Amino acid sequence: MFSNGSRLILGMVSLVFASGVVRANDVYIAQNSVGANNGSSCANAYAVSYFNTTGNWGTGTNKIGPGTTVHLCGTFTGPTAGSSDYLSFKGGGSAGNPVTLLFEPGAVLTSPYWGSVSVIGIRNVSYVVVDGGTNGTIRATLAGSPGTACSGGACSYTSSAYVGAGVGTQNASQIEIKNLTVSNIYVHAATEDNGNGESAGVSLNGGSGLSVHNNTIHDVRVGVFTEYTPAGMSNVSVFDNEISNINFGVAGFGDGASSLTGLLVYRNRIHDFQNWDDPSDSYQHHNGIYFWAESTGDSIRAPIAYYNNYIYGNFGGSHCTAGIFMSSSAGTIDAPWIFNNVIDQSGSSCGNGVISILNMPNGPRVYNNTLIAGMLYGPNSSGAKAVLTNNIWSPSPAQATYATAAGLQSSDYNIWYNVSRWFYNNSTYSTFAAWKALGFDAHGITTNPNLTVNYRPNAGSPVISAGANLYGLCDGQPNPGIGALCYDAAGKPRPTSGPWDIGAYQYFGAPPSAPAGLTAIAGTGGL
């Protein structure tokens, strides 16, 4: 991808609202009118119907328009029969003056089940912020597999008519969704249960400048779902979210002759997929990150970067596919950049392993990942000219172990620990020496990487100063974006010269004492 005379610039038009916002007014909403019913405070709030009435949007006193913050007060209980678009945006804001829907402390949107579309609907508008504040929550209490324990008792609503998304957008632009908890939209048990539809924490359909961050999402089929359209979709950022008990963590597909340009997925914690197992494998493809372009004319265009994600936990049985999975047959996907991720599939045996790239002429750039799995399998397409550099590949010795690298452009400075076979160009190689004889991993090793429970190098680890310096790839590049490669997964800067460490973390002395996982993943250095 790179030449001496050119540099691939991966950037992203991130959603940043300018400082100095002119706030037109504040409007307070409760489920029912309160006090003076003038919207001046939670004690004098309008009823929720005020928000959903088109005539209350625009300019003027107590109107909802550019610069307005709408405050949600208290508990909102959806109708017993469920409701789609319980809150529906009838207008938007302007650059620097968005319409903000802000959950006041303790504000909750709750229902036994929600409708098949979304709880909060944002359609055909621009410049909107949905902010969960300190603890804003959208939840269902009785939607899930029959007889499973839901938060409100035994789950009793199972039809696909009962589930949609916590927040849904359609053909909307410059949208920010943050600080929300979206929970139990559909609580699935590892059972035969095909009624949940396409439940999601956040669903994005078309549009541009879409940012989903700092949310907690659990017990939905898909954490953040992206559907790109023939009209085109661009600049999607999904970051700093906690996503669990899902079939897919972050996923997306096209509608046919559809395009998505600009996709950043970073610093997310995605874990635990096993509750979406079912005997008939209806919910196959348990994946942390999964994007595909399978319909004729679909395309996902650069910049594409997945980095600093932590994907772990119980991946389920035979339904698990990969930690990161991209596939393209009738469509086209540009080369994704995959770096600084920790994917831990210990005890699992995912069909396509840790990273799988299928049927793509433009292969991934896989740098400085720490990959711990029962099976290493990928990139695994003859069309994917992958570049593998500075990665730790460390499968569980109790599992069958493979390193599949068909369509490989280059591989070097990797640690292949406990790998017993390599597959390349339809041939199997059972020794590291045979692998190296193909021209790969001249500087690679097979030593135990000697990591802490937090995946960081211990003192004396062979990963220290054993990697290639990739500073020239990321220096001056956008961050968020490829510029983040110049830092490790904790946000510590990597050396500008001299060797890098192999894996997601640089060694900076004694590692912090902390629970297992990327507890400091946000870090510094602009990440």
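User: Which cysteine does cysteine 474 join in a disulfide?

Analyst: Quick caveat: this is a predicted model, where local features need pLDDT of at least 70, side-chain atom pairs count only at pLDDT 80 or more, and totals for chains, interfaces and linings use all residues. Residues are numbered from 1 along each chain as its sequence is written, and side-chain values use heavy atoms, with hydrogens and water left out. A disulfide here is a pair of cysteine sulfur atoms within 2.5 Å. The S to S distance is 2.0 Å, and the partner of cysteine 474 is cysteine 486.

User: How many residues apart in sequence are the parts that cysteine 474 and cysteine 486 tie together?

Analyst: Cysteine 474 sits in helix α2 (residues 471–474), and cysteine 486 is in the segment after α2. Helices are DSSP runs (H or I, at least four residues), strands likewise (E, at least two), numbered from the N terminus. So the pair links parts whose separation in sequence is twelve residues.

User: Is cysteine 42 buried, partly exposed or exposed?

Analyst: Buried means under 20% relative accessible area, exposed over 50%, and partly exposed in between (1.4 Å probe, protein chains only). Cysteine 73, its disulfide partner, has 9% and is buried. Cysteine 42 comes out at 31%, so it counts as partly exposed.

User: What is the handedness of the disulfide of cysteine 150 and cysteine 155?

Analyst: Their sulfurs are 1.9 Å apart. The torsion about the S-S bond is about 100°, so the link is right-handed.
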